[in-house]
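Hello,

Here is the structure I promised to pass on. Please have a look at it first, then read my notes below.

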Amino acid sequence: LKHEFGNNKWDFAEFERLDCSKPHAASVFITDKIVQLNLKEHEESVQKWKRDVMQGWFENAEEDASAFLKRANTFLREHVVNGVRIVETPIKTNSYVAFM
């Protein structure tokens, strides 16, 4: 699988290197990539996203996706666009988990 948004590309191998088997990890990964892509011209915001929202989520075996989603919502409200919101409970579909 190869995904492209603008000039940024990543492939499934990038996700696999994280070696994370937590539920909804792929959706958290894609959410992280999309947010960072949209912040790419604001390095300070990217660093704040990584520090305050991601917080090493893939390495933290104890934290579920809902905790990440709550932090993501707070960040998006405060730093991106008021009114942007990600649901706080992952929604399972046949092939993806929807957050937005």
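Is Lys48 buried, partly exposed or exposed? Lys48 is partly exposed, with a relative accessible area of 25%. The classes work like this: buried means under 20% relative accessible area, exposed means over 50%, and partly exposed lies in between, using a 1.4 Å probe and protein chains only.

A word on the source before the rest. This is a predicted model, where local features need pLDDT of at least 70, side-chain atom pairs count only at pLDDT 80 or more, and totals for chains, interfaces and linings use all residues. Residues are numbered from 1 along each chain as its sequence is written, and side-chain values use heavy atoms, with hydrogens and water left out.

**Overall layout**

The chain has four helices and four strands. Both kinds of element are DSSP runs numbered from the N terminus: helices are H or I with at least four residues, strands are E with at least two. Read from the N terminus, the order is β-β-α-α-α-α-β-β. The chain has 100 residues, and 33% of them are buried. It exposes about 6700 Å², with 49% of that supplied by carbon and sulfur atoms. Accessible areas come from the Shrake-Rupley method with a 1.4 Å probe; for residues, only the protein chains shown count as cover. Now the contacts, meaning heavy atoms within 4.5 Å. Of those with a separation of 6 or more, 38% join residues 24 or more positions apart.

**Salt bridges**

Side chains of opposite charge can pair when their charged atoms come close. The whole structure holds four salt bridges. The test is a side-chain nitrogen of Lys or Arg within 4 Å of a carboxyl oxygen of Asp or Glu.

One of them joins Glu14 and Lys33, at 2.5 Å from N to O. Glu14 sits in helix H1 (residues 12-17) and Lys33 in helix H2 (residues 25-38), so this pair ties together parts that are 19 residues apart in sequence. Glu14 is partly exposed, at 22% relative accessibility.

Lys48 also takes part in a salt bridge, with Asp52, at 2.6 Å from N to O. Both residues lie in helix H3 (residues 43-54), four residues apart, which is about one turn of the helix. Asp52 is partly exposed, at 26%. Asp52 also pairs with Arg51, at 3.0 Å from N to O. Arg51 is exposed, with a relative accessible area of 52%. Together, Lys48, Arg51 and Asp52 form a network of salt bridges.

**The core**

A nonpolar core is a set of buried Ala, Val, Leu, Ile, Met, Phe, Trp, Tyr and Cys residues joined through side-chain atoms within 4.5 Å. The largest one has 19 residues. Val28, Trp49, Met54, Trp57, Phe58 and Phe68 have the most contacts inside it. H2, H3 and helix H4 (65-80) each supply at least two residues of this core. H4 gives the most, with six.

What does Trp49 touch, not counting residues up to four places away in sequence? The list is Asp32, Val35, Gln36, Leu39, Met54, Phe68, Ala72 and Phe75.

**Arg71**

Arg71 is found in helix H4. Arg71 is buried, with a relative accessible area of 16%. Leaving aside neighbours within four places in sequence, Arg71 contacts Asp52, Val53, Met54, Gln55, Trp57 and Glu63.

Best wishes
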